[in-house]
Amino acid sequence: AHPTSKPDISREKSAELYEKAKAYFPGGVNSPVRAFKSVYGTPLFIQKGDGCRIWDADGNGFIDFCCSWGPLILGHNHPHVREKVTETMQNGMSFGAPTALENELAELILKHNKYIQKLRFVSSGTEAVMSAIRLARGYTKRDKILKFEGCYHGHVDSLLVKAGSGLVTFGETSSAGVPKSFADETIVVPLNDREALKLAFEEFKDQIAAVIIEPVPANNGLLLQEKEFLKYLREICTVNKALLIFDEVISGFRLGFEGASGFYQIKPDIITYGKIIGGGLPVGAYGSSAEIMSNISPEGSVYQAGTLSGNPVAMSAGIAQLSELAKPGFYEELNAKAAAFANAIQQYATEKGFKLKVFHVGSIFWFAFTDQESIRRADEIDASSMEKFKLFHRELLNRGIYIGPSGYEVGFVSSVHTKDDLEKAKLAIFESLDFVFKN
Ligand code: PLP
């Protein structure tokens, strides 16, 4: 039992639902992080979301900064998204045949994004990454993939690997069920380290099909990379004829309509997108030049398919959401609001002498309980600081603020967090920090 400065919210109904869920699902959940393993208490079962707020089964209300792990950049239940989805559903929900809606969403994406010429819709980020990797291998006729320690790319077999000991290593599987031979096709190097990259390309000359990176690594804290490193990465891939894959499942349409590619003005060879394209429904996509994409079946020999790919209901949610994002000024306003929010929290912590850094970019932020000026690699995160996060998380919930249940997860500001909501959230965050740093 940890101390708390406020009475705990009631979790009676959530606890009951969780007990039932445990009989149905491994660990009581359909995705592991939801089980609240690294924070206090039983997971909250969410009943309703509207705007920037969510309510749980016990009727507790929260200002939400998880936003379904990113896709809800317009908040919950946005009227335009809801109306468009409802309208589409009047005419049936799936055909497994082409619809005009797929063209409409693709046109919207491609018209405002100079980094890809053609794309293929899939149903999740994992699928997008898995397909992009196959495409890169098929195109280059090479097998090895290079990834970075601290980047997450979904639960693709060959990417569920962690670094061994050494600067450049074959991956060691990080999940049971992944054959060692798969992990042997993956090379793992630290982020933001040019020397390691150079060594890897020397050691595995002409073998690397692709390098995959989250250009804004946001699944293991927010490990902001130096632009010079990303530029070097682009160059070294080009020189070695390896494809550069930007996994923009988080950063795509989040930092701006052109995602991290536009933010850093770096052109990768393939980009993967995820959840945000579906406005809360299951969608992902991968895109590239017309030439590289022509290798995908039925045009080319790299097979990739999906019964529900381009599902009309999901496409509709995407069309409605991305139409809002494409409006002039959307990102300027959102990003300015989020920066002011993060900076105010940083200022408070600094004035009080708290060891806290609020790293942020665009509308993504991360609370790191540290006094390091920058954290760019996974191994620079102090694991013991997560104890403070655990206390913080509980204090926030007790004050009506919902963030992801792990200190390694980032938060998101949406376009419907008003000034007033953010003021309320800031006060709750200040009080929670006061408590955390007293204990
Ligand atoms: N790639 C990145 C960068 C992600 O953040 C995620 C999920 O959060 C994925 C891939 C996997 O996406 P999904 O959970 O939709 O399979």
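Two strands count as paired if DSSP finds at least two bridges between them, and the strands themselves are DSSP runs of E, at least two residues long, numbered from the N terminus, with helices being runs of H or I of at least four residues. Hello everyone, let me use that on today's protein. This is a predicted model, in which local features need pLDDT of at least 70 and side-chain atom pairs count only at pLDDT 80 or more, while totals for chains, interfaces and linings use all residues. Residues are numbered from 1 along each chain as its sequence is written.

S1 and S2 are antiparallel, joined over 4 bridges, and aspartate 50 sits opposite arginine 53 in S2. The two strands make a hairpin with 2 residues between them, and glycine 51 in that turn has a positive phi of about 60°. Moving along, S2 (residues 53-56) pairs with S3 (residues 61-64) over 3 bridges, again in the antiparallel sense. There, tryptophan 55 stands opposite glycine 61 in S3.

Now to the other sheet, please. It is open too, with 8 strands in the order S4-S13-S12-S11-S10-S5-S9-S7 and mixed pairing. Its edge strands are S4 (118-122) and S7 (169-170), each pairing on one side only. Strands S12 (residues 270-273) and S13 (residues 284-288) run antiparallel and are joined by 4 bridges; isoleucine 271 has glycine 287 in S13 as its bridge partner.

What lies across these strands? Helix H6 lies across S5 (144-148), S9 (186-189) and S10 (208-213), at about 155° to S9. Helix H7 lies across S10 and S11 (243-247), at about 145° to S11. For these angles, axes are lines fitted to C-alpha atoms, for helices over the stretch in contact, and the angle runs from 0 to 180 degrees between N-to-C directions.

How do H6 and H7 sit relative to each other? The axes of H6 (residues 194-203) and H7 (residues 227-239) come within 10 Å and cross at roughly 10°. The two helices are therefore roughly parallel, a label for angles under 35 degrees, where over 145 is roughly antiparallel, 65 to 115 roughly perpendicular and the rest oblique. H6 contributes Arg194, Leu197, Lys198 and Phe201 to the contact, and H7 contributes Phe229, Tyr232, Leu233 and Ile236. Contact here means C-beta atoms, placed from the backbone, within 7 Å.

Next, the domains, whose bounds come from an automatic or database domain assignment. Domain 1 covers 12-77 + 329-438, and domain 2 covers 79-325. Their centres, taken over C-alpha atoms, are 25 Å apart. In all, 24 residues of domain 1 are in contact with 27 residues of domain 2. On the domain 1 side, helix H11 (330-352), strand S14 (357-361) and strand S15 (364-368) each supply at least two residues, and S15 gives the most, with 3.

Last stop, the ligand. It is surrounded by 16 residues, the closest being Ser124, Gly125, Thr126, Gly154 and Val249; near means a C-beta atom, placed from the backbone, within 6 Å. Helix H4 (residues 125-140) gives the most to this shell, with 3 residues.

Definitions and conventions:
Two residues are in contact if their C-beta atoms, placed from the backbone, lie within 7 Å.
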